[in-house]
Amino acid sequence: MAGWPAGGVPPAPGAWLAMTACDKAIDRLRRASVGAAKLREPAVLHETAEPPASHEGAVEDYRSG
């Protein structure tokens with residue numbers, strides 16, 4: 001909720017502000033968690049792996065010999 005309720009100042013403005021702050025904090029934590037996961041995903045996809053030790057089954061270039 002961005003502002004006071006349509007009916008004016010609520011009966012307990014302190015409680016309303018505390019609940020609004022709590023909701024905003026939860027939203028920020030969720031957003032940060034999702035953002036961190038999105039940043040980790042490309043890193044996992046582009047991990048540098050060691051090339052295979054053996055080239056078993058590789059096709060040799062007939063032009064080199």
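**View 1. Leu17 in helix α1.** Leu17 lies in helix α1 of this predicted model, a chain with one helix and zero strands, where helices (H or I, at least four residues) and strands (E, at least two) are DSSP runs numbered from the N terminus. At 47% relative accessibility, Leu17 counts as partly exposed, the class between buried (under 20% relative accessible area) and exposed (over 50%), with a 1.4 Å probe and protein chains only. The C-alpha atoms of Leu17 and Trp4 are separated by 9.4 Å, with the two residues 13 apart along the chain.

**View 2. Val9 in the segment before α1.** Val9 is found in the segment that precedes α1 (13-45), and its relative accessible area of 60% makes this residue exposed.

**View 3. The whole chain.** Of its 65 residues, 5% count as buried.

**Notes.** Residues are numbered from 1 along each chain as its sequence is written, and side-chain values use heavy atoms, with hydrogens and water left out. In this predicted model, local features need pLDDT of at least 70 and side-chain atom pairs count only at pLDDT 80 or more, whereas totals for chains, interfaces and linings use all residues.
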